[in-house]
Amino acid sequence: MTTRSSSLKPVIPTPIIYSVTGTQSGAVATGTYSSGSSINFNGISLNVEGTPANGDIFQVNRSQRQSVFQTVQAIADSLTVELDTKSKRAKLANDLGQALYSMDQALEHVQTKKDKCW
(Lines give C-alpha, C1' and ligand atoms only; values in the text may rest on other atoms or scores of the structure.)
Protein backbone atom coordinates (compact mmCIF):
# COMPACT_ATOMS: atom_id res chain seq x y z
CA MET A 1 0.00 0.00 0.00
CA THR A 2 1.32 3.36 -0.99
CA THR A 3 0.50 6.46 0.94
CA ARG A 4 0.94 9.95 -0.33
CA SER A 5 1.57 12.86 1.86
CA SER A 6 0.58 16.33 0.98
CA SER A 7 0.99 19.60 2.66
CA LEU A 8 -1.40 22.47 2.71
CA LYS A 9 -0.02 25.93 2.29
CA PRO A 10 -2.29 28.79 3.15
CA VAL A 11 -2.94 31.03 0.20
CA ILE A 12 -2.63 34.64 1.18
CA PRO A 13 -4.63 36.60 -1.35
CA THR A 14 -2.94 39.54 -2.95
CA PRO A 15 -4.99 42.67 -2.36
CA ILE A 16 -6.77 43.93 -5.43
CA ILE A 17 -5.98 47.60 -5.88
CA TYR A 18 -8.32 49.78 -7.91
CA SER A 19 -7.99 53.21 -9.39
CA VAL A 20 -10.64 55.36 -11.02
CA THR A 21 -9.37 57.72 -13.68
CA GLY A 22 -11.41 60.39 -15.40
CA THR A 23 -10.80 61.13 -19.07
CA GLN A 24 -10.27 64.81 -18.34
CA SER A 25 -9.81 64.94 -14.58
CA GLY A 26 -7.15 62.26 -14.18
CA ALA A 27 -7.08 60.25 -10.93
CA VAL A 28 -10.42 60.37 -9.15
CA ALA A 29 -10.19 57.58 -6.55
CA THR A 30 -7.96 54.69 -5.51
CA GLY A 31 -8.25 51.99 -2.90
CA THR A 32 -8.14 48.31 -2.04
CA TYR A 33 -11.08 46.34 -3.37
CA SER A 34 -13.00 44.22 -0.86
CA SER A 35 -15.51 41.66 -2.14
CA GLY A 36 -19.05 42.81 -1.49
CA SER A 37 -18.04 46.43 -1.04
CA SER A 38 -18.86 49.25 -3.44
CA ILE A 39 -16.34 51.41 -5.26
CA ASN A 40 -17.53 54.98 -4.72
CA PHE A 41 -16.46 58.08 -6.63
CA ASN A 42 -18.05 61.38 -7.68
CA GLY A 43 -21.45 60.36 -6.33
CA ILE A 44 -21.37 57.04 -8.20
CA SER A 45 -21.47 53.68 -6.45
CA LEU A 46 -20.13 50.78 -8.53
CA ASN A 47 -20.67 47.18 -7.43
CA VAL A 48 -18.49 44.48 -8.97
CA GLU A 49 -19.76 40.91 -8.91
CA GLY A 50 -17.69 37.85 -9.56
CA THR A 51 -13.98 37.67 -9.01
CA PRO A 52 -12.10 40.69 -10.32
CA ALA A 53 -8.35 40.45 -10.72
CA ASN A 54 -5.54 42.95 -10.85
CA GLY A 55 -5.41 44.32 -14.38
CA ASP A 56 -9.16 44.07 -15.08
CA ILE A 57 -10.57 47.21 -16.68
CA PHE A 58 -14.13 48.49 -16.40
CA GLN A 59 -15.29 51.50 -18.35
CA VAL A 60 -18.13 53.67 -17.10
CA ASN A 61 -19.61 56.19 -19.51
CA ARG A 62 -22.41 58.70 -19.36
CA SER A 63 -25.62 57.34 -20.75
CA GLN A 64 -26.57 58.55 -24.19
CA ARG A 65 -30.01 59.41 -25.45
CA GLN A 66 -31.56 56.68 -27.52
CA SER A 67 -34.99 56.46 -29.08
CA VAL A 68 -37.40 53.73 -28.04
CA PHE A 69 -37.13 52.36 -31.56
CA GLN A 70 -33.34 52.06 -31.24
CA THR A 71 -33.85 50.24 -27.94
CA VAL A 72 -36.31 47.78 -29.48
CA GLN A 73 -33.88 47.21 -32.37
CA ALA A 74 -31.04 46.59 -29.89
CA ILE A 75 -33.21 43.96 -28.14
CA ALA A 76 -33.95 42.27 -31.47
CA ASP A 77 -30.27 42.32 -32.42
CA SER A 78 -29.26 40.85 -29.06
CA LEU A 79 -31.68 37.96 -29.44
CA THR A 80 -30.20 36.89 -32.79
CA VAL A 81 -26.71 36.18 -31.44
CA GLU A 82 -25.67 32.54 -30.99
CA LEU A 83 -25.15 31.85 -27.28
CA ASP A 84 -22.40 29.24 -27.50
CA THR A 85 -20.07 30.66 -24.83
CA LYS A 86 -20.42 31.95 -21.29
CA SER A 87 -19.21 35.39 -22.35
CA LYS A 88 -21.89 35.63 -25.05
CA ARG A 89 -24.58 34.59 -22.57
CA ALA A 90 -23.28 37.16 -20.07
CA LYS A 91 -23.28 39.85 -22.78
CA LEU A 92 -26.89 38.97 -23.66
CA ALA A 93 -27.91 39.27 -20.01
CA ASN A 94 -26.17 42.67 -19.79
CA ASP A 95 -27.62 43.89 -23.08
CA LEU A 96 -31.15 42.87 -22.11
CA GLY A 97 -30.77 44.43 -18.68
CA GLN A 98 -29.63 47.69 -20.27
CA ALA A 99 -32.50 47.57 -22.77
CA LEU A 100 -35.05 47.06 -19.98
CA TYR A 101 -33.53 49.95 -18.08
CA SER A 102 -33.74 52.12 -21.23
CA MET A 103 -37.37 51.18 -21.76
CA ASP A 104 -38.11 52.01 -18.12
CA GLN A 105 -36.46 55.42 -18.55
CA ALA A 106 -38.50 56.06 -21.71
CA LEU A 107 -41.74 55.20 -19.92
CA GLU A 108 -40.75 57.45 -17.00
CA HIS A 109 -40.13 60.28 -19.47
CA VAL A 110 -43.53 59.75 -21.11
CA GLN A 111 -45.22 59.72 -17.69
CA THR A 112 -43.48 62.97 -16.71
CA LYS A 113 -44.62 64.68 -19.92
CA LYS A 114 -48.16 63.34 -19.44
CA ASP A 115 -48.31 64.67 -15.87
CA LYS A 116 -47.29 68.14 -17.07
CA CYS A 117 -50.14 68.14 -19.60
CA TRP A 118 -52.82 67.40 -17.01
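This is a short tour of one protein chain, from its overall layout down to a few individual residues.

## The big picture

First things first: the model is predicted. The protein chain has 2 helices and 4 strands. Start at the N terminus and walk along, and the elements come in the order β-β-β-β-α-α.

How much of the chain is tucked away? Buried residues account for 11% of its 118 residues. As for contacts with a separation of 6 or more, 21% of them link residues 24 or more positions apart.

## The nonpolar core

Now for the inside. The largest nonpolar core has 7 residues: Tyr18, Val20, Ala29, Tyr33, Ile39, Phe41 and Val48. Three strands, β1 (16–22), β2 (26–33) and β3 (39–41), each supply at least two residues of this core.

Ile39 is a handy core member to look at up close. Which residues does Ile39 touch, once its neighbours within four places in sequence are set aside? The list runs to Tyr18, Val20, Tyr33, Ile44, Ser45, Leu46 and Val48. Among them, Tyr18, Val20, Tyr33 and Val48 belong to the core as well.

Next, have a look at Asn54, which sits in the loop between β4 (44–46) and α1 (68–78). Is Asn54 buried, or partly exposed? Its relative accessible area is 46%, so Asn54 counts as partly exposed.

Take Ile16: 38 residues separate Asn54 from Ile16 in sequence, yet their C-alpha atoms are 5.6 Å apart in space.

## Salt bridges

The chain has 2 salt bridges. One joins the side chains of Asp84 and Lys88, at 3.1 Å from N to O. Both partners are partly exposed: Asp84 has a relative accessibility of 44%, and Lys88 comes in at 34%.

The other pairs Asp95 with Lys91, at 2.8 Å from N to O. Where do Asp95 and Lys91 lie? Both are in helix α2 (residues 86–117), 4 residues apart, which is about one turn of the helix. Asp95 has a relative accessibility of 27%, so this residue counts as partly exposed too.

Methods. Residues numbered from 1 in each chain as written. Predicted model: local features only at pLDDT ≥ 70, side-chain atom pairs only at ≥ 80, totals over all residues. Heavy atoms only, no water. Core = buried A, V, L, I, M, F, W, Y, C linked by side-chain atoms within 4.5 Å. Buried < 20%, exposed > 50% of the residue type's maximum accessible area, 1.4 Å probe, protein only. Contact = heavy atoms within 4.5 Å. Salt bridge = Lys/Arg side-chain N within 4 Å of Asp/Glu carboxyl O.
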